[in-house]
Amino acid sequence: MYNHIIMKYLSEDTIAALSTAAGQAAIAVVRVSGAQSFEIVRKIFCSSSGVEKQVMHGYIVDGGNKVDETLCAFFKAPTTYTGENLVEISLHGNPVIINKVLNLLYKNGARAAAPGEFTYRAFLNGKKDLAEAEAVCALITSKTETAARAALNNVAGEFSAKVTKIKDSLITLLAYLEASLDYPEDDIPFMSAKQKKEMISLAMAENKKLLDTYKISQCLQKGLKAAIIGKPNAGKSSLLNSILGKNRAIVTEIAGTTTDTIEETIDCRGIPLTIIDTAGLRTRAENSIEILGQERSKEAANKADILVWIFDSSESLDKNDLIIAQYLNESCLNAYIIGVLNKCDLPSKINEKDIKILGKFNAFLNVSTKSGKGINEIMNTIANYAGISDLNNEYLLVNSRYFALLTEVQNDILKAQQAVESKSEDEIACFEIKNAITALEEILGINVPHDILDTIFGTFCIGK
Ligand SMILES: Nc1nc2c(ncn2[C@@H]2O[C@H](COP(=O)(O)OP(=O)(O)OP(=O)(O)O)[C@@H](O)[C@H]2O)c(=O)[nH]1
Ligand SMILES: [Mg+2]
């Protein structure tokens, strides 16, 4: 619905929206952007000092009545967020006041901003390329500091710079390839076959580096789900509590203590990790509550990216471990499985070798929730799975749109490489390189059809 609105009114309208979260707060900021924004705001703003400044204290007024005390900041185009004249009105964060002020702005010539329209304008006015603009949304929704830093790197143009560098090297290569096509008999070697191959390999390597960032980037933005699965009394709830550092779940020596799933989200080395404690799985169930609980455990296992499959190492394996193995081997084929031998503070009756045969484990750890041994290692193993090896590393965000386009680029460059290697195929190489350049430009928002732009910005919230 908003798509048409955006395109129809985009350039000429002055738009207004609440840019801070809705609800009661100390301060709320209403943004107004567009050619008429200064005039419109001045119709409802009365300065207390009468002195013209960029930031002025005063009152929002409706006729002769004061609506709120305010601080209005006037930013002149083009050095503003949107590239247009922009006013930020700081109000007291009361929804009644906010609505009143928005209605006054609408009455005086502004219209309600569509989702993402401020950032859309920033993009259209060349303040941000598309990758930078998209990252604004990621920055706002990031759930950990590492994820926010990665999004900020994109907002600051670091991802775009890498994409531009690959694009520029391909444009140079294309120029040489086209020149040698146009003047084939010329003696001057514009660029040797070796140099061409080197340039192609370099572009491929740089592009691959960005592609390789995809998994970690998804983990940082979307987070991971880890389900703790095991038989009753293996120590699942104790493990959840140890990881959280608080007594979130009830722990007793009675088998079948946990009857429901318990979810908590933590920052695991920068990844938003949702850990799910589950009801123990066993061959029999005491009652219908336990049957329902076990169904939930299986559901949690099915949805998890990571299974923390926990064993009581102070006991021999029994048929309960076997039915869990049977279920996980049939139903959870794609999960990353960490085998945890818990209660390693007690004399052990089983070891890694005994559990290895039960399933496709990706890692094994000896843990004691009692002493805390192995808890850090579980976190490190999960971080490693996501691709995080060092907490101080800086990351960039590669979303699924970029991933699809970068994959296309990689394939195009590969085909160009094959063409260059077969010597007489420079024309094909040119064609493939041009395709790669187009895909890289699409990431940056160059020549992107409006319907795609509308879809991208339509996912933003109003006020962004
Ligand atoms: N010695 C020792 N005891 C542990 C350890 N971890 C858990 N326990 C004990 O094992 C018993 C069961 O622990 P829980 O965490 O409730 O086990 P659970 O897997 O959640 O059990 P259910 O909820 O019944 O499925 C409790 O008495 C815990 O104190 C450990 O590392 N060492
Ligand atoms: Mg439990």
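Biologist: How many bridges join strand β11 to strand β12?

Modeller: The model is a predicted one. Strand β11 covers residues 306-312 and strand β12 covers residues 336-342, and the two run parallel. Within this pair, I310 has V340 in β12 as its bridge partner. The number of bridges joining β11 to β12 is 7.

Biologist: In which order do the strands of the open sheet stand?

Modeller: The sheet is open, holds 6 strands and has mixed pairing. At its edges stand β9 (262-268) and β13 (363-366); each has a single partner strand, so one side of each is left without a neighbour in the sheet. Neighbouring strands are turned against each other by 25° on average, direction ignored. The order is β9-β10-β8-β11-β12-β13.

Biologist: At about what angle does helix α13 run to β13?

Modeller: Helix α13 comprises residues 375-386. The helix lies across β8, β9, β10, β11, β12 and β13. Its angle to β13 is about 165°.

Biologist: Which residue in β2 is the bridge partner of A17?

Modeller: A17 belongs to strand β1 (residues 15-18), where I15 and A17 point one way and A16 and L18 the other way, all of them buried. In a regular strand the side chains alternate between the two faces of the sheet. Strand β1 is joined by 4 bridges to strand β2 (residues 25-33), and these strands run antiparallel. The partner of A17 in β2 is R31.

Biologist: Which residue in the turn of the β1 and β2 hairpin has a positive phi?

Modeller: The hairpin formed by β1 and β2 has 6 residues between the strands. One residue in the turn has a phi of about 110°, and this residue is G23.

Biologist: Which residue in β7 stands opposite I15?

Modeller: Strand β1 is also joined to strand β7 (residues 111-112), by 2 bridges, and the two run parallel. Opposite I15 stands R111.

Biologist: Is T146 buried or exposed?

Modeller: T146 is found in helix α6 (residues 145-155). Leaving aside neighbours within four places in sequence, T146 is in contact with L220, G270 and Y395. N393, 247 residues away in sequence, has its C-alpha 8.9 Å from that of T146. Because T146 has 22 C-beta neighbours inside 10 Å, where 20 or more are required, T146 counts as buried.

Biologist: Where does K343 lie, given its positive phi?

Modeller: Most residues other than glycine have a negative phi, and most peptide bonds are trans. K343 is not a glycine, yet has a positive phi of about 65°. With 24 C-beta neighbours inside 10 Å, K343 counts as buried. K343 lies in the loop between β12 and α12 (352-356).

Biologist: Which peptide bond is cis, with omega about 5°?

Modeller: One of its residues, P78, is found in the loop between β5 (65-75) and β6 (86-93). The bond is that joining A77 and P78.

Biologist: Which helix gives the most to the shell around ligand 1?

Modeller: Of the 24 residues around ligand 1, G235, S237, S238, T258 and G280 come nearest. By class, the shell has 6 nonpolar, 13 polar and 5 charged residues. The helix giving the most, with 3 residues, is α9 (residues 236-244).

Definitions and conventions:
Residues are numbered from 1 along each chain as its sequence is written. Chains are lettered from A and ligands numbered from 1 in the order in which they are written. This is a predicted model: local features need pLDDT of at least 70, side-chain atom pairs count only at pLDDT 80 or more; totals for chains, interfaces and linings use all residues. A residue is near a molecule or strand if its C-beta atom, placed from the backbone, lies within 6 Å of it. Ala, Val, Leu, Ile, Met, Phe, Trp, Tyr, Cys and Pro count as nonpolar, Asp, Glu, Lys and Arg as charged, and the others, Gly among them, as polar. A residue is buried if 20 or more other C-beta atoms lie within 10 Å of its own, exposed if 12 or fewer, and partly exposed in between; C-beta atoms are placed from the backbone. Two strands pair if DSSP finds at least two bridges between them. Axes are lines fitted to C-alpha atoms, for helices over the stretch in contact, and angles run from 0 to 180 degrees between N-to-C directions. Two residues are in contact if their C-beta atoms, placed from the backbone, lie within 7 Å.
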